[in-house]
Amino acid sequence: MKITVGKGSCGIAAGAGEIFSLLEQKAPAGCPVVVTGCIGMCYLEPIVNIETDDKNITFVKVNAEAADEILKYINGEENKASQYIIEREDLDNLNSQQRIALQNCGIIDPENIGEYIAREGYKAAEKCIKELTPEQVIDEIKISGLSGRGGAGFSTAFKWNAARSSKGDKKYVICNADEGDPGAFMDRAVIEGDPHAVIEGMLIAAYAIGADEGIVYVRAEYPLAIIRLELALKQAREKNLLGENIFGCDFCFDIRIKAGAGAFVCGEETALIASLEGERGMPRLKPPFPAEKGFWKKPSNINNVETYSNVPWIIRNGGAAFASMGTENSKGTKVFALTGKIAKGGLVEIPMGKTIYDVVYGVGGGIKDGKKFKAVQMGGPSGGCIPAELIDTMIDYKTLVAAGAMMGSGGMVVMDETTCMVDMARFFLDFTVKESCGKCIHCRIGNQRMLEILDRICDGNGREDDIELLSDLALQIKDGSLCALGQTAPNPVLTTLRYFLNEYEDHIKNKKCTAHQCKALLTYFIDNDKCTGCTLCAKKCPNKAISGEVKKAHSIDMEKCIKCGKCADACRFKAVVVD
Amino acid sequence: MSEIRLNIDGIEVTGFKGQTILDIAKENGIDIPTLCHDERVEIYGSCGLCVVEAEGTSKLLRSCSTFAANGMIIKTNTDRTRKNRQTALELLLSDHTGDCRAPCVLACPAQTECQGYVKFIAEGKYDEAVKLIKEKIPFPSSIGRVCPHPCEEACRRELVEEPISICSLKQFAGDIDLDKDELYTAEAGNPTGKNVAIIGGGPGGLTAAYFLRLQGHGVIIYDAMPQMGGMLQYGIPEYRLPKKILQEEIKSIEKMGVIFKNNIKIGRDITLDYLRNNYDAVIVAVGAWTSTGLRCKGEELDGVVGGIDFLRGVATTTDNNYDFTGCKIAIVGGGNTAMDACRTAVRLGAAEVYNIYRRTKNEMPAEQIEIEEAEEEGVIFKNLTNPIEITGDNGKVKAMRLQIMELGEPDASGRRSPVPVPGKEEIIEVDTVIVAIGQKLDKAGFEEIEQTKWGTIIADENTCRTNLNGVFAVGDATNNGADIAIAAIGEAKQAAETVGKYLNGENIKYEKPYLVKTEKTREDFADREILSRVKMPQRPAGERRKDFLEINLGLSEDAAKKEALRCLECGCHDFYECKLINYANQYKVQPEKYSGKTHRYIQDDIQSCIELNHEKCILCGMCVRICDEVVGATLLGFVNRGFDTVVKPAFDIGSCEADCVSCGKCVEGCPTGALYKKASK
């Protein structure tokens with residue numbers, strides 16, 4: 001028997017650390033308690049798995065009480081553990097996914113290389129180094145149709161080939177783990193849950209392009225990922241899976257970690273290189289591409305975490321098997337981080353070609369609290385939104401771009417009827433404005449000006465020509481910015497203008513926010529017919545804006561009202577009306 | 001290196017592999033704008049102005065960093081590139097909070113380089129000061145004596161204590177030049193073979209002549225009076241502007257090759273048509289030489305005379321026609337001409353000089369100093385009085401009946417209108433009444449030119465064009481009528497420019513240039529030391545009222561320098577070199593639509609002699625890169641992110657003092673006026 005506790009960052013945040021210690025202390029002898037990474041069902045954390053010879057039971061939302069019941073169950077005592085067993089539906093959701101990048105996440109102990117090796121770990125690297133030429137490796141990747149999972153979706157084989165063809169005595173393999181999109185945590189989960197998959201992917205890439213040095217650029221805000229990766233590197237070195245003469249061949253490769261200081265723009269590969277070199281993280285113009293002149297001006301291959309973690313599977317199962325999944329343009333699977341107003345938020349991995357509907361209403365379990373689905377923001381601050389009427393849009397690089405969104409790195413923020421789309425666009429633009437490196441004019445000042453326009457629209461001071469000004473400026477910024485951050489920053493504004501123009505017009509012309517999010521545009525009043533004079537609202541009001549006699553209709557003084565909404569929440573008779 | 005061929009803007013050009021599009025365009029004389037590119041440093045690509053379109057590419061390419069390839073077809077000046085550049089410039093300017101030009105310069109109708117010459121004076125570079133003044137005004141000594149100096153009204157030193165004495169400083173510089181054997185004279189341009197006739201040799205006509213000669217055109221001035229100078233010669237009294245000084249400055253214009261024809265009046269001696277037929281262009285600068293009548297009973301009496309007629313008479317008289325000894329003289333009017341007439345009357349020995357003005361001293365259009373000085377010299381101000389009738393004896397003025405007035409509601413001009421106090425009158429005995437209430441154009445000879453209903457010539461505000469082809473008009477004769485000399489000078493300079501274009505067959509189109517301007521308040525200068533304004537030394541009133549010798553004694557060198565050092569240097573030092581403002585005007589920017597948050601930082605001292613004005617910094621990184629890549633010092637860096645990014649000593653360590661060798665390369669590289677090398681003290 002074995003007890004496994006999901007101890008990814010999400011699990012720990014939900015209390016898995018405490019549960020783990022508790023179980024570890026009290027578990028009977030011969031029943032080891034081990035950790036695993038995130039299995040993706042963040043909404044069910046902490047998750048504890050009991051593995052016996054014949055079965056596997058998953059307990060969810062495990063608190064101290066539940067842990068006790070689980071222990072009783074293990075000890076064969078009378079218990080109430082069954083109420084914590086995962087629901088059939090959730091299990092089906094998990095099993096319905098096609099997991100390649102996440103194949104080991106939430107299953108193996110990421111701190112034990114043996115568990116990775118037991119699941120065919122490092123077999124792919126061994127095959128490449130011992131049996132295949134670098135060209136053959138690249139060919140296999142080419143057959144797989146794997147494209148960069150960091151956002152741009154550029155062909156991985158093409159990049160590898162370019163780095164391979166570039167002349168140079170020294171080459172680098174770099175892993176971009178500077179995951180920065182708000183609401184995205186795919187890469188963190190992969191490193192925390194299956195670090196060796198990334199190491200093995202890099203190892204294969206290094207062999208393919210002829211590099212002997214690898215760097216993982218990971219943001220310092222991912223401390224657990226860094227710890228697990230460090231441990232994994234150490235264990236890999238001990239087994240000579242990194243270092244000199246790997247697999248007894250004359251191929252040498254090692255990896256080190258560079259912790260980034262958390263600048264979003266450092267996810268842009270030229271800024272990442274600048275940061276690696278100790279410079280301010282500012283993008284430069286391409287060409288030359290990193291494959292020609294990268295880190296220290298040497299040929300460098302930069303891929304995202306998820307991209308590398310797909311590589312071992314592809315080599316083991318063949319490029320064709322990978323390419324058999326997905327659409328004509330987009331092969332394999334994609335990991336998404338589902339967040340926002342979704343019922344079952346977390347990480348999911350599905351084959352390309354599924355629809356937004358499949359994700360939101362399938363794996364995601366629909367909208368929280370039975371509310372109405374409005375849109376989904378894909379690709380983070382660089383992406384765009386897909387509205388409810390386009391819910392059948394296929395998950396495919398080209399199709400998403402045509403709809404105004406993008407695959408991005410996998411952030412999927414779900415929005416319901418209570419989301420103001422102008423405010424949403426403002427949120428993402430505010431993010432990019434803060435994260436702009438400040439180098440080029442269009443991005444530095446242009447996005448700031450767009451944000452100011454959105455601010456005034458949300459504050460009820462929108463001007464008649466603001467929509468035109470926004471659209472015009474957005475196009476100029478896209479055209480004139482130096483790097484992808486600036487070029488894509490106006491996307492949330494452009495797609496909301498495209499699909500939710502009526503909301504902008506409501507804000508500007510009618511001074512109304514139909515989603516009731518923009519405070520400056522809201523008015524609160526009490527419906528005299530419904531008010532029973534219970535005085536509850538007046539008691540809850542933090543600014544003494546509500547007055548009235550007991551058992552008589554109350555009224556709100558708009559001069560004093562701070563539009564906090566406490567009265568509406570408190571009223572049991574739906575007498576507080578928000579408009 | 002292998003040669004490549006490409007097509008830029010339809011021109012087949014060749015370059016070498018490894019060269020950027022910008023490099024090759026530059027070599028072939030194709031201008032692509034850029035604010036951040038410099039051959040000395042590595043490609044950077046921050047400004048985005050150098051974008052071009054390439055056939056087969058949907059994106060705009062930054063030409064500074066895109067390497068040219070064989071067969072490329074490049075377009076540098078498409079609607080798309082222009083629009084994108086314009087947006088970049090507008091965005092930059094939406095957060096550019098400096099002042100391109102100082103308020104004094106902008107307030108001057110002739111855009112005199114006040115800040116520049118004041119600084120030269122502060123530095124003791126008097127020749128440079130004169131040279132700079134003469135770029136805009138051909139007669140600094142004269143104008144320095146008479147100008148009512150709108151520049152000083154705009155001067156921001158007022159926000160500290162009092163404005164700089166800009167005009168006296170101009171006189172100071174001009175006088176130093178006058179003391180030399182030969183005045184500084186700008187050189188006439190290479191002869192163009194074109195000839196311009198100017199009618200009227202006053203400040204406007206002379207200025208037009210000066211600037212046309214600089215362009216190399218032949219110039220002849222026709223003037224009705226025996227001497228050139230116009231109102232400066234015949235309107236301004238000797239005690240304010242000694243004629244010797246004026247004539248000496250005028251002589252320097254004659255020296256440039258301007259032909260003076262005096263005693264010739266249009267409509268009497270020759271016709272406008274004659275000039276139009278015999279010259280390539282004509283500029284009318286005849287001024288307004290007819291006094292406006294008083295329109296009250298008795299104005300036809302002997303002893304009633306127009307203000308400017310009186311002043312002209314005094315200026316031209318050879319005998320004692322104007323002996324006022326023991327006389328009582330009344331001067332009607334509140335302007336500078338009235339003051340000149342009052343003070344002239346005093347000097348002619350009048351027993352009593354009355355100034356009749358229907359409002360109070362506060363509403364007088366005359367300069368405050370003129371009023372004060374007149375009062376010191378004994379002029380009796382009869383404010384709030386208005387002539388009703390001039391009575392006579394044997395056709396000769398005897399007395400004046402005055403209506404007592406009081407101030408009523410403000411009128412359209414904001415001044416309170418005078419209204420009669422019913423039944424209150426006063427009679428004063430006078431021998432002469434001088435009417436100085438206005439002046440107008442003598443139309444004779446100019447009937448063909450379209451005129452306003454007030455009888456002034458209609459001239460285009462920007463081009464000075466009249467309805468007649470090739471005829472331009474400036475000064476008191478035009479539009480709103482009589483104004484100050486410097487206004488005529490400003491218009492004349494403008495006219496000389498457009499006449500020049502007209503003579504070259506160019507389209508005369510004037511567009512108001514875009515300039516960055518900011519408002520400042522007292523708080524902005526709260527840290528300045530209070531330094532009071534210099535006082536022009538004067539002869540005592542009792543002494544000066546007896547003669548026509550100049551009343552002002554001029555500033556001493558010490559006083560002038562001290563005064564000049566008070567200058568706040570509001571305008572950008574790099575105005576003429578600033579690439580940003582140059583492009584801004586080229587691309588006709590309208591940054592107002594993007595107005596929003598701006599950066600108002602305090603100036604940073606990078607080290608003791610280099611100052612960085614963040615308000616003007618465009619973050620092109622030129623200084624940072626030059627200090628790193630050219631100098632090898634790496635003393636500057638970027639601090640903060642996004643919109644709040646600023647250039648500072650690297651890692652924001654405070655100052656570069658310890659390691660900076662003051663090479664100044666960062667300052668030279670700055671495309672705007674953000675970096676400034678302070679004068680060594």
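Which residue of S2(B) stands opposite Ile4(B)? The legends below take this up in the view of the strands of chain B.

The structure is a predicted model, in which local features need pLDDT of at least 70, side-chain atom pairs count only at pLDDT 80 or more, and totals for chains, interfaces and linings use all residues. Residues are numbered from 1 along each chain as its sequence is written, while chains are lettered from A and ligands numbered from 1 in the order in which they are written.

**View 1. An open sheet of five strands in chain B.** The strand order is S2-S1-S5-S3-S4, with mixed pairing; strands (E, at least two residues) and helices (H or I, at least four) are DSSP runs numbered from the N terminus, and two strands pair if DSSP finds at least two bridges between them. Strand S2 (11-16) and strand S4 (61-62) of chain B are the edge strands, each pairing on one side only. Strand S1 (residues 3-8) of chain B runs antiparallel to S2(B), and six bridges join them. Gly15(B) in S2(B) is the residue opposite Ile4(B).

**View 2. The side of chain A that touches chain B.** Here 23 residues of chain A are in contact with 27 residues of chain B, a contact being two C-beta atoms, placed from the backbone, within 7 Å. Helix H17 (421-435), helix H18 (441-458) and helix H19 (466-480) of chain A each supply at least two residues of this side. H18(A) gives the most, with eight residues. By class, the side of chain A has eight nonpolar, seven polar and eight charged residues; Ala, Val, Leu, Ile, Met, Phe, Trp, Tyr, Cys and Pro count as nonpolar, Asp, Glu, Lys and Arg as charged, and the others, Gly among them, as polar.

**View 3. Helix H19 of chain A and its cover.** H19(A) has 15 residues and reaches 20 Å from its first C-alpha to its last, close to the 21 Å expected at 1.5 Å a residue; the expected span is 1.5 Å times one less than the number of residues. Its buried residues are Leu470(A), Leu473(A), Ala474(A), Gln476(A), Ile477(A) and Gly480(A). A residue is buried if 20 or more other C-beta atoms lie within 10 Å of its own, exposed if 12 or fewer, and partly exposed in between. The cover of the buried residues of H19(A) includes H18, helix H20 (484-488) and helix H21 (491-499) of chain A, together with strand S3 (51-54) and helix H2 (79-94) of chain B.

**View 4. The largest nonpolar core, with 236 residues.** Val190(A), Met202(A), Ile204(A), Ala205(A), Val376(A) and Cys623(B) touch the most other members. Such a core is a set of buried Ala, Val, Leu, Ile, Met, Phe, Trp, Tyr and Cys residues joined through C-beta atoms within 7 Å. Helix H10 (residues 195-209) of chain A gives the most to this core, with eleven residues. Beyond its neighbours within four places in sequence, Val376(A) is in contact with residues including Ile356(A), Val360(A), Cys385(A) and Met412(A). A second, separate core of 131 residues includes Leu169(B), Ala473(B), Leu503(B) and Ala564(B).

**View 5. Domains 1 and 3 of chain A.** Domain 1 covers 2-95 and domain 3 covers 333-416, with bounds from an automatic or database domain assignment. Their C-alpha centres are separated by 29 Å. Six residues of domain 1 of chain A are in contact with six residues of domain 3 of chain A. The domain 1 side divides into four nonpolar, two polar and no charged residues.
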